Amino acid sequence: MNREIQLGNHIISENSSIYIVAELSANHNMDYDRACAIIDAAAEAGADAVKIQTYTADTITIDCNAKEFQAHGLWEGMNLYQLYQKAYTPWEWQEGLIRYANDKGLDCFSSPFDLTAVDFLENLHVPAYKIASYEINDIPLIKKAARTGKPVILSTGIARLSDIELAVHTCKEAGNENVILLKCVSAYPAPLEEMNLKVIPNMGQTFGCLTGLSDHALGAETAVAAAALGAKVIEKHLTLKREEGGVDSVFSMEQEEFADMVCQIRRIEKALGTVTYDLNQKQEESRLMSRSLFAVKDIRQGETLTAENIRSIRPGTGLHTKYYEDILGKTAREDLKKGTPLDWALINK
(Lines give C-alpha, C1' and ligand atoms only; values in the text may rest on other atoms or scores of the structure.)
Protein backbone atom coordinates (compact mmCIF):
# COMPACT_ATOMS: atom_id res chain seq x y z
CA MET A 1 0.00 0.00 0.00
CA ASN A 2 1.05 3.61 -0.51
CA ARG A 3 2.67 5.18 2.56
CA GLU A 4 2.69 8.66 1.02
CA ILE A 5 -0.60 10.01 -0.26
CA GLN A 6 -1.38 13.34 -1.88
CA LEU A 7 -4.74 14.59 -0.65
CA GLY A 8 -5.69 18.01 -1.90
CA ASN A 9 -2.99 20.45 -0.85
CA HIS A 10 -1.45 18.03 1.64
CA ILE A 11 0.86 15.04 1.53
CA ILE A 12 0.00 12.47 4.18
CA SER A 13 2.81 10.14 5.18
CA GLU A 14 4.34 8.56 8.25
CA ASN A 15 6.52 11.65 8.64
CA SER A 16 3.93 14.30 7.80
CA SER A 17 1.79 16.37 10.11
CA ILE A 18 -1.45 14.72 11.17
CA TYR A 19 -4.26 15.55 8.76
CA ILE A 20 -7.16 16.94 10.80
CA VAL A 21 -10.64 16.77 9.28
CA ALA A 22 -13.72 18.63 10.50
CA GLU A 23 -16.85 16.60 9.70
CA LEU A 24 -19.77 18.88 8.80
CA SER A 25 -22.29 16.03 8.53
CA ALA A 26 -25.80 17.15 9.47
CA ASN A 27 -24.77 20.01 11.72
CA HIS A 28 -25.82 22.57 9.10
CA ASN A 29 -29.43 22.02 10.26
CA MET A 30 -30.56 22.56 6.64
CA ASP A 31 -29.18 26.12 6.63
CA TYR A 32 -26.59 26.91 3.94
CA ASP A 33 -25.24 29.94 5.80
CA ARG A 34 -24.79 27.82 8.90
CA ALA A 35 -22.83 25.28 6.84
CA CYS A 36 -20.54 28.09 5.70
CA ALA A 37 -20.19 29.30 9.29
CA ILE A 38 -19.05 25.82 10.35
CA ILE A 39 -16.47 25.86 7.57
CA ASP A 40 -15.29 29.23 8.91
CA ALA A 41 -15.03 27.67 12.38
CA ALA A 42 -13.03 24.75 10.99
CA ALA A 43 -10.55 27.07 9.30
CA GLU A 44 -10.18 29.24 12.40
CA ALA A 45 -9.74 26.17 14.61
CA GLY A 46 -6.82 24.90 12.52
CA ALA A 47 -8.39 22.02 10.57
CA ASP A 48 -6.78 20.88 7.33
CA ALA A 49 -10.00 19.77 5.68
CA VAL A 50 -13.77 19.73 5.85
CA LYS A 51 -15.78 16.65 4.97
CA ILE A 52 -19.38 16.62 3.80
CA GLN A 53 -21.76 13.76 2.96
CA THR A 54 -23.40 13.09 -0.39
CA TYR A 55 -26.69 11.20 -0.25
CA THR A 56 -30.41 11.71 -0.21
CA ALA A 57 -32.98 9.78 1.78
CA ASP A 58 -33.85 7.94 -1.45
CA THR A 59 -30.25 6.99 -2.32
CA ILE A 60 -29.46 5.62 1.13
CA THR A 61 -32.68 3.81 2.13
CA ILE A 62 -36.42 3.56 1.43
CA ASP A 63 -39.40 5.09 3.19
CA CYS A 64 -40.59 2.15 5.25
CA ASN A 65 -41.92 1.85 8.80
CA ALA A 66 -41.01 -1.80 9.26
CA LYS A 67 -39.02 -2.64 12.39
CA GLU A 68 -35.76 -2.98 10.48
CA PHE A 69 -36.03 0.62 9.25
CA GLN A 70 -36.40 2.30 12.65
CA ALA A 71 -33.64 4.62 13.87
CA HIS A 72 -32.14 4.03 17.30
CA GLY A 73 -30.22 5.86 19.99
CA LEU A 74 -30.21 9.64 19.57
CA TRP A 75 -32.65 9.32 16.68
CA GLU A 76 -35.31 7.14 18.33
CA GLY A 77 -38.82 7.85 17.04
CA MET A 78 -37.90 8.32 13.38
CA ASN A 79 -37.53 5.80 10.64
CA LEU A 80 -34.29 5.89 8.65
CA TYR A 81 -35.88 7.74 5.75
CA GLN A 82 -37.11 10.52 8.05
CA LEU A 83 -33.70 10.75 9.72
CA TYR A 84 -31.84 11.10 6.44
CA GLN A 85 -34.32 13.66 5.15
CA LYS A 86 -33.29 15.81 8.13
CA ALA A 87 -29.60 15.00 7.93
CA TYR A 88 -28.61 15.08 4.26
CA THR A 89 -26.65 17.92 2.72
CA PRO A 90 -28.55 19.22 -0.32
CA TRP A 91 -26.61 18.37 -3.46
CA GLU A 92 -27.20 21.81 -4.91
CA TRP A 93 -25.18 23.24 -2.00
CA GLN A 94 -22.14 21.08 -2.43
CA GLU A 95 -20.28 22.83 -5.23
CA GLY A 96 -20.61 26.10 -3.35
CA LEU A 97 -19.50 24.55 -0.04
CA ILE A 98 -16.46 22.96 -1.66
CA ARG A 99 -15.48 26.27 -3.26
CA TYR A 100 -16.09 28.12 0.01
CA ALA A 101 -13.87 25.67 1.93
CA ASN A 102 -11.13 25.89 -0.69
CA ASP A 103 -11.21 29.68 -0.50
CA LYS A 104 -10.64 29.31 3.25
CA GLY A 105 -7.54 27.20 2.59
CA LEU A 106 -9.23 23.89 3.43
CA ASP A 107 -9.41 20.71 1.41
CA CYS A 108 -13.00 19.55 1.01
CA PHE A 109 -14.10 16.03 0.15
CA SER A 110 -17.12 13.88 0.77
CA SER A 111 -18.56 10.53 1.73
CA PRO A 112 -20.57 9.19 -1.21
CA PHE A 113 -23.30 6.75 -0.27
CA ASP A 114 -24.16 5.32 -3.67
CA LEU A 115 -22.82 5.13 -7.21
CA THR A 116 -24.62 8.27 -8.40
CA ALA A 117 -22.94 10.24 -5.61
CA VAL A 118 -19.50 9.26 -6.94
CA ASP A 119 -20.48 10.46 -10.42
CA PHE A 120 -21.78 13.70 -8.96
CA LEU A 121 -18.64 14.29 -6.87
CA GLU A 122 -16.33 13.51 -9.79
CA ASN A 123 -17.89 16.44 -11.59
CA LEU A 124 -17.01 18.58 -8.58
CA HIS A 125 -13.38 17.33 -8.66
CA VAL A 126 -13.19 16.33 -5.01
CA PRO A 127 -9.66 15.22 -3.99
CA ALA A 128 -10.65 12.05 -2.11
CA TYR A 129 -13.47 9.74 -1.10
CA LYS A 130 -14.38 8.73 2.43
CA ILE A 131 -16.32 5.48 2.75
CA ALA A 132 -18.48 5.59 5.88
CA SER A 133 -18.43 2.71 8.36
CA TYR A 134 -21.84 1.40 7.39
CA GLU A 135 -20.84 1.33 3.71
CA ILE A 136 -17.65 -0.70 4.16
CA ASN A 137 -19.53 -3.76 2.87
CA ASP A 138 -20.81 -1.90 -0.23
CA ILE A 139 -18.25 -3.37 -2.59
CA PRO A 140 -19.63 -1.78 -5.81
CA LEU A 141 -19.41 1.64 -4.12
CA ILE A 142 -15.84 1.07 -2.93
CA LYS A 143 -14.83 -0.25 -6.33
CA LYS A 144 -16.25 2.80 -8.13
CA ALA A 145 -14.58 5.22 -5.72
CA ALA A 146 -11.26 3.37 -6.00
CA ARG A 147 -11.36 3.38 -9.78
CA THR A 148 -11.22 7.19 -9.77
CA GLY A 149 -7.61 6.82 -8.61
CA LYS A 150 -8.19 9.26 -5.78
CA PRO A 151 -7.37 8.42 -2.15
CA VAL A 152 -9.98 6.21 -0.48
CA ILE A 153 -10.42 6.63 3.28
CA LEU A 154 -12.23 3.68 4.86
CA SER A 155 -13.95 3.93 8.24
CA THR A 156 -14.11 0.60 10.06
CA GLY A 157 -16.79 1.24 12.71
CA ILE A 158 -18.83 -1.91 12.05
CA ALA A 159 -16.17 -3.92 10.22
CA ARG A 160 -14.83 -7.33 11.08
CA LEU A 161 -11.27 -8.04 10.03
CA SER A 162 -12.59 -9.88 6.99
CA ASP A 163 -14.62 -6.79 5.96
CA ILE A 164 -11.49 -4.63 6.08
CA GLU A 165 -9.53 -7.22 4.12
CA LEU A 166 -12.21 -7.32 1.41
CA ALA A 167 -12.48 -3.51 1.20
CA VAL A 168 -8.71 -3.07 0.94
CA HIS A 169 -8.47 -5.89 -1.61
CA THR A 170 -11.24 -4.24 -3.65
CA CYS A 171 -9.25 -1.00 -3.79
CA LYS A 172 -6.07 -2.82 -4.79
CA GLU A 173 -7.89 -4.85 -7.42
CA ALA A 174 -9.18 -1.56 -8.86
CA GLY A 175 -5.57 -0.39 -9.14
CA ASN A 176 -5.73 1.99 -6.19
CA GLU A 177 -3.07 1.75 -3.48
CA ASN A 178 -3.99 5.10 -1.93
CA VAL A 179 -5.93 3.72 1.03
CA ILE A 180 -6.18 5.11 4.55
CA LEU A 181 -7.92 3.08 7.26
CA LEU A 182 -9.68 4.83 10.13
CA LYS A 183 -10.39 3.16 13.44
CA CYS A 184 -13.96 4.01 14.36
CA VAL A 185 -16.63 3.05 16.85
CA SER A 186 -20.12 3.45 15.41
CA ALA A 187 -21.74 4.63 18.62
CA TYR A 188 -22.91 8.19 19.21
CA PRO A 189 -21.21 9.19 21.41
CA ALA A 190 -18.66 6.36 21.52
CA PRO A 191 -17.82 5.04 25.02
CA LEU A 192 -14.13 5.28 25.92
CA GLU A 193 -13.98 1.64 26.97
CA GLU A 194 -14.98 0.60 23.47
CA MET A 195 -12.42 2.70 21.58
CA ASN A 196 -9.60 0.11 21.50
CA LEU A 197 -7.14 2.63 20.08
CA LYS A 198 -4.36 0.03 20.08
CA VAL A 199 -5.96 -1.24 16.88
CA ILE A 200 -4.60 1.82 15.04
CA PRO A 201 -0.92 0.79 14.86
CA ASN A 202 -1.89 -2.87 14.47
CA MET A 203 -4.10 -2.01 11.49
CA GLY A 204 -1.21 -0.16 9.89
CA GLN A 205 1.10 -3.14 10.35
CA THR A 206 -1.52 -5.64 9.18
CA PHE A 207 -2.47 -3.83 5.99
CA GLY A 208 0.71 -1.85 5.36
CA CYS A 209 -1.15 1.44 5.06
CA LEU A 210 -1.63 4.76 6.77
CA THR A 211 -4.17 4.81 9.57
CA GLY A 212 -6.17 7.24 11.66
CA LEU A 213 -9.25 7.74 13.78
CA SER A 214 -12.81 8.75 12.97
CA ASP A 215 -13.72 9.83 16.47
CA HIS A 216 -17.22 9.91 17.92
CA ALA A 217 -16.07 10.01 21.55
CA LEU A 218 -16.66 13.11 23.65
CA GLY A 219 -13.68 15.35 24.31
CA ALA A 220 -10.21 15.48 22.78
CA GLU A 221 -8.51 12.71 24.74
CA THR A 222 -9.06 9.91 22.26
CA ALA A 223 -7.93 12.00 19.30
CA VAL A 224 -4.77 13.07 21.12
CA ALA A 225 -4.07 9.48 22.20
CA ALA A 226 -4.58 8.30 18.61
CA ALA A 227 -2.02 10.88 17.48
CA ALA A 228 0.46 9.46 19.98
CA LEU A 229 -0.21 5.96 18.64
CA GLY A 230 0.63 6.95 15.07
CA ALA A 231 -2.68 8.08 13.57
CA LYS A 232 -2.07 10.24 10.49
CA VAL A 233 -5.69 11.31 9.98
CA ILE A 234 -8.05 12.52 12.72
CA GLU A 235 -11.71 13.21 11.95
CA LYS A 236 -14.07 14.92 14.41
CA HIS A 237 -17.59 16.33 14.02
CA LEU A 238 -17.78 20.10 14.33
CA THR A 239 -20.77 22.31 15.10
CA LEU A 240 -21.30 25.91 16.16
CA LYS A 241 -23.22 25.40 19.41
CA ARG A 242 -24.44 22.03 20.67
CA GLU A 243 -27.32 23.79 22.39
CA GLU A 244 -28.65 24.80 18.97
CA GLY A 245 -29.45 21.16 18.32
CA GLY A 246 -29.16 19.10 15.20
CA VAL A 247 -28.96 15.44 14.30
CA ASP A 248 -25.29 15.08 15.27
CA SER A 249 -24.84 17.95 17.71
CA VAL A 250 -24.63 15.82 20.89
CA PHE A 251 -21.29 14.24 19.96
CA SER A 252 -19.85 17.18 18.00
CA MET A 253 -17.20 19.65 19.12
CA GLU A 254 -17.66 23.39 19.23
CA GLN A 255 -15.01 25.61 17.65
CA GLU A 256 -13.09 26.35 20.85
CA GLU A 257 -12.96 22.66 21.73
CA PHE A 258 -11.87 21.73 18.21
CA ALA A 259 -9.13 24.39 18.29
CA ASP A 260 -7.91 23.09 21.65
CA MET A 261 -7.79 19.55 20.22
CA VAL A 262 -5.78 20.75 17.22
CA CYS A 263 -3.37 22.52 19.58
CA GLN A 264 -2.92 19.40 21.69
CA ILE A 265 -2.34 17.23 18.62
CA ARG A 266 0.27 19.66 17.26
CA ARG A 267 2.04 19.65 20.64
CA ILE A 268 2.01 15.85 20.68
CA GLU A 269 3.51 15.85 17.17
CA LYS A 270 6.43 17.94 18.44
CA ALA A 271 6.95 15.56 21.33
CA LEU A 272 6.80 12.47 19.08
CA GLY A 273 9.60 13.79 16.88
CA THR A 274 11.51 11.17 14.89
CA VAL A 275 13.32 7.91 15.63
CA THR A 276 16.87 9.02 16.48
CA TYR A 277 19.53 8.15 19.04
CA ASP A 278 21.71 11.14 18.20
CA LEU A 279 22.19 13.79 20.86
CA ASN A 280 21.68 17.46 20.29
CA GLN A 281 24.26 19.99 21.47
CA LYS A 282 22.54 20.55 24.82
CA GLN A 283 22.39 16.80 25.49
CA GLU A 284 26.06 16.44 24.56
CA GLU A 285 26.88 19.16 27.07
CA SER A 286 24.71 17.42 29.67
CA ARG A 287 26.77 14.24 29.26
CA LEU A 288 29.59 16.08 31.02
CA MET A 289 27.51 15.74 34.19
CA SER A 290 27.13 11.98 33.91
CA ARG A 291 29.20 9.44 35.89
CA SER A 292 32.90 8.57 35.48
CA LEU A 293 35.82 7.30 37.56
CA PHE A 294 37.65 9.66 39.91
CA ALA A 295 40.18 9.52 42.68
CA VAL A 296 38.15 10.25 45.82
CA LYS A 297 41.17 10.31 48.15
CA ASP A 298 44.79 11.41 47.75
CA ILE A 299 46.64 8.45 46.20
CA ARG A 300 50.45 8.11 46.32
CA GLN A 301 52.52 6.93 43.37
CA GLY A 302 52.58 3.11 43.43
CA GLU A 303 49.57 2.89 45.75
CA THR A 304 46.91 0.30 44.86
CA LEU A 305 43.61 1.50 43.48
CA THR A 306 40.76 0.27 45.69
CA ALA A 307 37.04 0.75 46.21
CA GLU A 308 37.95 3.21 48.96
CA ASN A 309 40.10 5.57 46.89
CA ILE A 310 38.36 5.44 43.49
CA ARG A 311 34.65 5.67 42.73
CA SER A 312 32.07 6.29 40.04
CA ILE A 313 30.84 9.84 40.65
CA ARG A 314 29.67 12.91 38.80
CA PRO A 315 30.89 14.68 36.62
CA GLY A 316 31.64 12.65 33.50
CA THR A 317 35.15 13.84 32.62
CA GLY A 318 37.02 10.83 33.93
CA LEU A 319 37.53 7.27 32.72
CA HIS A 320 34.35 5.40 31.71
CA THR A 321 32.73 3.47 34.55
CA LYS A 322 32.85 0.25 32.52
CA TYR A 323 36.56 0.06 33.40
CA TYR A 324 35.95 0.14 37.17
CA GLU A 325 36.67 -3.53 37.84
CA ASP A 326 39.56 -3.52 35.35
CA ILE A 327 41.52 -0.91 37.31
CA LEU A 328 40.83 -2.18 40.82
CA GLY A 329 44.09 -3.68 42.11
CA LYS A 330 46.27 -1.74 39.69
CA THR A 331 48.63 0.98 40.96
CA ALA A 332 48.93 4.71 40.44
CA ARG A 333 51.67 5.77 38.03
CA GLU A 334 52.03 9.12 39.86
CA ASP A 335 50.61 10.97 42.84
CA LEU A 336 46.89 11.63 42.39
CA LYS A 337 45.06 14.30 44.32
CA LYS A 338 41.50 13.79 45.51
CA GLY A 339 39.16 14.86 42.68
CA THR A 340 41.50 13.81 39.86
CA PRO A 341 39.60 12.32 36.87
CA LEU A 342 41.16 8.94 36.15
CA ASP A 343 42.81 8.21 32.83
CA TRP A 344 44.75 5.19 31.57
CA ALA A 345 47.86 7.38 31.41
CA LEU A 346 47.70 7.68 35.22
CA ILE A 347 47.50 3.93 35.87
CA ASN A 348 50.17 1.25 35.76
CA LYS A 349 48.90 -1.56 33.56
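Just after helix α7, glycine 175 takes a positive phi of about 85°. The structure is a predicted model, in which local features need pLDDT of at least 70 and side-chain atom pairs count only at pLDDT 80 or more, while totals for chains, interfaces and linings use all residues. Residues are numbered from 1 along each chain as its sequence is written, and side-chain values use heavy atoms, with hydrogens and water left out. The secondary structure of the chain comes to 12 helices and 14 strands; helices (H or I, at least four residues) and strands (E, at least two) are DSSP runs numbered from the N terminus.

**Overall form**

- The chain has a radius of gyration of 30 Å, whereas a compact globule of 349 residues would have one near 20 Å. This radius is taken over C-alpha atoms, and the globule rule is 2.2 Å times the number of residues to the power 0.38.
- Along the principal axes, the C-alpha atoms fill a box of roughly 100 × 45 × 40 Å.
- Of the 349 residues, 47% count as buried. Buried means under 20% relative accessible area, exposed means over 50%, and partly exposed lies in between (1.4 Å probe, protein chains only).
- Among contacts between residues at least 6 apart in sequence, 65% join residues at least 24 apart; contact means heavy atoms within 4.5 Å.

**Helix α7**

- Helix α7 comprises 13 residues (161-173), which should span 18 Å at 1.5 Å a residue, and the 18 Å between its end C-alpha atoms agrees with this. The expected span is 1.5 Å times one less than the number of residues.
- The buried residues of α7 are Ile164, Ala167, Val168, Thr170 and Cys171. They lie on the same side of α7, because they cover an arc of only 155° around the axis. The arc is that of the directions from the helix axis to the C-beta atoms.
- An α-helix has 3.6 residues a turn, so residues three or four places apart point the same way.
- The packing partners of these buried residues are α6 (139-147), β7 (152-155), β8 (179-184) and α8 (199-207).

**Nonpolar cores**

- The largest nonpolar core has 64 residues, of which Leu154, Leu181, Ile234, Phe258, Met261 and Ile265 touch the most other members. Helix α1 (residues 32-45) gives the most to this core, with 7 residues.
- A nonpolar core is a set of buried Ala, Val, Leu, Ile, Met, Phe, Trp, Tyr and Cys residues joined through side-chain atoms within 4.5 Å.
- Leaving aside neighbours within four places in sequence, methionine 261 is in contact with Ile20, Ala220, Ala223, Lys236 and Met253.

**Backbone exceptions**

- Most residues other than glycine have a negative phi, and most peptide bonds are trans.
- Tyrosine 188 and proline 189 are joined by a cis peptide bond with omega of about 0°; proline 189 is in the loop between β8 and α8.
- Asparagine 196 is found in the loop between β8 and α8, and its phi is positive, near 50°.
- Another cis peptide bond, with omega of about 5°, joins arginine 314 and proline 315. Proline 315 is in the loop between β12 (310-313) and α12 (324-327).
- Methionine 30, in the loop between β3 (19-23) and α1, has a positive phi of about 60° although it is not a glycine. Methionine 30 is partly exposed, with a relative accessible area of 36%.
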